[in-house]
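Dear colleague,

Please find below the structure that I am handing over to you.

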Amino acid sequence: MVRLGLRLSLRSGREALIRLMLTTLAVGVGAALLFCVLADYHAFQASNNRQCWECTQGPGSNGTATRTPGAELWQSSADYFDGQTIERLDLAALGPHAPLPPGLSRLPGPGQYYASPALAALLRTVPRDELGDRYPGRMVGTIGDKALTGPGELVIFIGYKPAQLAAMGAQVVTKIATAPPKQVWSHYFRYAFAVGVLAVLFPMLILVGTATRLAAARREERYAAMRLVGATPRQISVVASIDAMVSALLGVLLGIGVFALVQPALASSSLIGIRYFAVDVTPTPTDYIAMLVGVPVVSAVAALLSL
């Protein structure tokens with residue numbers, strides 16, 4: 001009966017093909033929208049769970065700087081340029097075992113600095129007397145993604161001699177914070193994403209139900225003919241389930257393809273106004289499996305209830 005159900009779904013003439021295409025399109029649109037919401041939620045979670053190096057607090061001040069070989073001097077501040085905030089960290093190693101901020105392979109030495117990719121691009125395009133002169137030394141590399149909330153964040157780590165930072169009142173840091181930052185609005189954003197999933201899921205189910213009802217009279221005639229030749233109710237249920245599952249599975253696959261096309265744009269324009277790294281703006285493998293399995297199963301149940 002499974003083979004018969006597949007044949008009736010895929011090779012039953014133009015009318016059945018049109019019905020299959022409409023149902024597939026309806027499921028595909030809903031699945032693509034749902035994948036977009038799930039991808040944004042995953043990126044939101046990844047951003048929330050990143051290491052908050054900015055939260056680092058030192059146990060002492062410059063008075064103990066020269067007597068702490070396994071530490072570094074640390075002074076964070078904020079610069080502003082053209083309405084954008086630049087996170088600035090001035091630091092100086094106090095020994096060979098000084099802690100390493102995330103996103104760096106080594107600490108910048110005196111007269112060196114690391115910039116985030118977005119800030120590095122900005123420094124190359126803006127006249128030096130407007131921005132580059134604020135930062136002493138030369139750029140020796142870029143900051144990795146682990147230190148950033150997104151590709152557009154502006155961050156700079158500047159190296160100094162210990163005596164220079166000690167004179168500026170920098171704090172001594174022996175350990176860099178590893179916990180994620182405290183987000184006041186995270187709880188509400190999670191509710192917003194849950195509402196977004198429901199807002200997409202219910203219209204998708206309505207579309208699937210509407211598309212399933214197309215040519216319902218024709219399907220009933222087919223099932224009636226099958227009963228006349230001896231098909232049992234269970235066999236009819238199997239054929240109806242296969243018909244619904246095929247269109248739903250094709251729709252989910254179509255939704256995955258559509259999502260792959262819009263994913264780059266989604267990374268640049270997040271639902272909550274934050275640019276995320278493209279690698280984070282993607283559903284988890286569990287999400288893909290749940291959609292590939294769950295949507296066909298729900299469609300099959302809906303088809304059985306409509307018999």
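Is F35 buried or exposed? F35 is buried, with a relative accessible area of 0%; buried means under 20%, exposed over 50% and partly exposed in between, with a 1.4 Å probe and protein chains only.

Please note that this is a predicted model, in which local features need pLDDT of at least 70 and side-chain atom pairs count only at pLDDT 80 or more, while totals for chains, interfaces and linings use all residues. Residues are numbered from 1 along each chain as its sequence is written, and side-chain values use heavy atoms, with hydrogens and water left out.

Aromatic pairs

Rings of Phe, Tyr and Trp (its six-membered ring) pair if their centres lie within 6.5 Å; planes under 30 degrees apart count as stacked, over 60 as edge-to-face and the rest as tilted. By this rule there are 6 aromatic pairs. In one of them, the ring centres of F35 and Y288 are 5.1 Å apart and the planes stand at 35°, so this pair is tilted. The pair links distant parts of the chain, 253 residues apart: F35 belongs to helix α2 (residues 14–48) and Y288 to helix α8 (residues 285–306). Helices (H or I, at least four residues) and strands (E, at least two) are DSSP runs, numbered from the N terminus. Y288 is partly exposed, at 22% relative accessibility. Ring pairs also join F35, F259 and Y288 into a cluster.

Y41 and F44 form a tilted pair as well, with 6.5 Å from centre to centre and 35° between the planes. Both residues lie in helix α2, 3 residues apart, which is about one turn of the helix. Y41 is partly exposed, with a relative accessible area of 28%, whereas F44 is buried at 4%.

The sheet

The model has an open sheet of 6 strands in the order β4-β3-β5-β2-β1-β6, with mixed pairing; two strands pair if DSSP finds at least two bridges between them. Its edge strands, β4 (138–142) and β6 (171–173), each pair on one side only.

Strand β1 (residues 72–81) runs antiparallel to β2, joined by 10 bridges, and L73 has A92 in β2 as its bridge partner. These two strands form a hairpin with 2 residues between them, and D82 in the turn has a positive phi of about 55°. Strand β2 (residues 84–93) pairs with strand β5 (residues 154–159) in the parallel sense over 6 bridges. Here R88 has I156 as its bridge partner in β5, and I86 stands opposite L154.

With kind regards
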